[in-house]
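Please find below my note on the two-chain structure you asked me to look over.

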Amino acid sequence: MAAKRKSRATHTLVFLIPALALYTLFVIAPTLSSAYLSFTSWDGVSTKIHFIGFDNFAEIWNSERVRNALKNTLILTAVLVVLENAAAIALAMLVDQVRWARNLFRSVFYFPVLLSGIVMGFVWTIILNYNFGVLNQLLDLIGLGSLKADWLGSPRFALVSIILSTVWKQAGYYMIIYLAGLQGIPQELTEAAAIDGAGRWQQFKSITFPLLAGSLTVCSVLSMISSLKIFDQIAVMTDGGPGFATETLTYIVYKVGFGELRQGFGTAMAMVLFLLILIITVIQVKLLRKREVQL
Amino acid sequence: MAQKRIVQTAAPALALALMLSACGSGNGNNGGAADSSGSSSSAPASSAAAGSSAETPAKDVTFTIGYATGDPATKKAIADTIDAFMKANPHIKIKDMSEGTTTSYLDWLKTKDAVGEFPDLVEMRDTKIFADSGKIVELPSDLVDLFSSVPEVDGKKYNAPITLNAPEGIIYSKKAYADAGITEPPKTYDEFLADQEKLKTSGITPIVVGGKDIFHMGFWLNKFLIDEVYVGDPDWNSKRTAKMTSFTDAGPVQAMTDYKELFSKYVDKGWLSTADNQTASILVSGKAAQLFSGPWMFTQIHDADPSFDFGFYALPDRQGNVNVVGLPSPAGWSLSAEAAKDADKVEAMKTFIRFFFAKEQYSKYLQTVNGIPSTKEEVQYESLPQMQDVLKLMSDPNVKKSLPINNWWGENQIPPQFRDWYYKLMQELVLKNGDVKEYMKRADAEYDAEVKANAQQ
């Protein structure tokens, strides 16, 4: 019996080793290496690496630029989580109930998900350009020229433009998850509610939405993580500008680490971001799971 | 617009004049010292020999190349040279790694280095950083002799200067000026401001700025810094590093006050989402009357609309003095340390550099970018008439030559990360209608923090 158990353990280990080796090589080792680099002043180019203790973290704590990036990141995350999920639920309900061309609608709404963040960023940059952009030309054409704005060059609109374009890209992805959730809701429940005189809004509020709790947990955690890590759109559409108006934590990790030759400082910020995502995710999952159980 | 043949026999004399200006402009090892070392005489490179396959290695060799692609004319000119070289030397293959990017050239280069793709032959702009980290090697001595002068970094020559630094100035639509009743270029900065009012009144946006590309911000910001700071004190940067000067001093504050006033009143509303390569279209389409840039834009503007009539002048300061970018700085083609370990690659890269600077080939490059030649050998090329104004500026001893904030070197080199941060801060100054002195205090704090951080490396 003991020999059989030992043999089973050996087999398990043999099957685990390839995946573990790859995971160690590409995830664990770089993470540990980053943890070390965050305590250094390495510029990312030179061969010399100096240990400077907690200086990078002290600078992060005192940096106005980091505080501004953190504020932008949190605003983006909070708004994106709400808007992406609201849009995804609306789209899911639409494609769930539509009687004709159902697959066409699903494909159309899902299509932006297939675009890379870079491509999407370029497309929106062209649309929102002040002088040549489609949006401003359209406003001119319909006599609303006074509403023209520098959508990506104004601190007022740049963050909003990034949020809306990101919702456009991501909502289709979460729509699929919500659609699966909707199709798991027994038809009898909504039918019974309808017979009892419940309107569409009441049906949604009291039956559909509570029963989408599982999907909501998954989608809101995923959208929260992707929002905290938002990078492509910022890099392409605004380069963190105008000024520092759209700089986020991930963006300055890259900007400082690579562009400003402060890999040590950039890595320290990446570690802070890692901890931030970890803490927020744990809290969010705990709260949403609790809500699922209550429901 | 008729093109005019410009015989640039003035190039060596021009280089000498630049050397003299640099020597007289300061003692902070910011260019003056470097210039004199490159002035030893040697025979001009034979263009025939330079391009011939007799000197090229017989073995098949491949090397990678990387250069800044922000300016479409420069990108095209280098790509054309690479194609011509590979045609003339079929056994040498050049893999062009350069790509359009939204980030600055330094970001791109650093990223390439981080992923182990640092180009074998690279256009180097931040020479000291990469020289200190051992990423590039000294330029082979037989190549150094091709150039009228090669600035040094810590006593060593790393770069084959692609062109000499060219001045920036106002590129303007002659029609817009005529419509606004402006009959001649302004003689002082105040006259220039008065002209902006006239242009605005005539219904055209006075100035287009490509502020989406952070380097473009430097054209204007450095114009004011040169007038108010660097012309008076070429060693200002080194004093700032030593905390003997401050961004809150009268000079920098005046410079940024002028910048803020100009940008708040006369610049196109979409300046922060306009890329550098869109400025030519906006100018020729008549949406704006002027652009502040360098001669590399001439071809782009001419190609966008050959019938577009435009002029160029250097923008004077309040006293009517003309100060422009024009001192040499350590930048140009450099050989990577990794590639330098392979003798065949080195020979192939040397062959390419000789080909690039060979009279016939180099003149084509210069014509496309409207560049000022850096070679000892006399170079002639067909150029647009506006280029004559540029050459006059460069050879005029009354025009003071200087450098942008980030192009000084030696003791005057600023922390490399400061430039982009500072340009962004100045964007914010205009957007938030900030108090110049408060923003300059922030610049001081950031500068000192970066100096301290870099000292730890």
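1. The secondary structure of chain A in this predicted model comprises 13 helices and 0 strands. Read from the N terminus, its elements follow the order α-α-α-α-α-α-α-α-α-α-α-α-α.

2. The dimensions of chain A deserve attention. Its radius of gyration is 24 Å, whereas a compact globule of 295 residues would have a value near 19 Å. Along the principal axes, the C-alpha atoms of chain A fill a box of roughly 80 × 75 × 30 Å.

3. How much of chain A is buried? Buried residues make up 36% of its 295 residues. As for the contacts in chain A with a separation of 6 or more, 71% of them are between residues 24 or more positions apart.

4. Chain B has both kinds of element, with 19 helices and 13 strands. Of the 457 residues in chain B, 58% are buried. Among the contacts in chain B with a separation of 6 or more, residues 24 or more positions apart account for 78%.

5. The two chains touch each other. Which chain gives how many residues to the contact? Chain B contributes 36 residues and chain A contributes 27 residues. On the side of chain B that touches chain A, the elements giving two or more residues are α5 (105-114), α6 (127-132) and α18 (418-431) of chain B. By class, the residues of this side of chain B are 12 nonpolar, 14 polar and 10 charged.

6. Helix α18(B), listed above for the contact with chain A, also packs against a helix of its own chain. A pair of packed helices is described by two quantities, the angle between their axes and the distance between the axes. For helix α12 (residues 250-266) of chain B and α18(B), the angle is about 55° and the axes are 9 Å apart. Why are these two helices called oblique? Angles from 65 to 115 degrees count as roughly perpendicular and those under 35 degrees as roughly parallel; α12(B) and α18(B), at about 55°, are therefore oblique to each other. Their crossing is right-handed.

7. Which residues make the contact of α12(B) with α18(B)? From α12(B) come B:Met256, B:Tyr259, B:Lys260, B:Phe263 and B:Ser264, and from α18(B) come B:Met426, B:Leu429 and B:Val430. Sorted by class, this contact has 6 nonpolar, 1 polar and 1 charged residues.

Conventions:
Residues are numbered from 1 along each chain as its sequence is written. Chains are lettered from A and ligands numbered from 1 in the order in which they are written. This is a predicted model: local features need pLDDT of at least 70, side-chain atom pairs count only at pLDDT 80 or more; totals for chains, interfaces and linings use all residues. Two residues are in contact if their C-beta atoms, placed from the backbone, lie within 7 Å. Helices (H or I, at least four residues) and strands (E, at least two) are DSSP runs, numbered from the N terminus. Ala, Val, Leu, Ile, Met, Phe, Trp, Tyr, Cys and Pro count as nonpolar, Asp, Glu, Lys and Arg as charged, and the others, Gly among them, as polar. Axes are lines fitted to C-alpha atoms, for helices over the stretch in contact, and angles run from 0 to 180 degrees between N-to-C directions. Angles under 35 degrees count as roughly parallel, over 145 as roughly antiparallel, 65 to 115 as roughly perpendicular and the rest as oblique. A crossing is left-handed if the near helix is turned anticlockwise from the far one by less than a right angle, and right-handed if clockwise. The radius of gyration is taken over C-alpha atoms; the globule rule is 2.2 Å times the number of residues to the power 0.38. A residue is buried if 20 or more other C-beta atoms lie within 10 Å of its own, exposed if 12 or fewer, and partly exposed in between; C-beta atoms are placed from the backbone.
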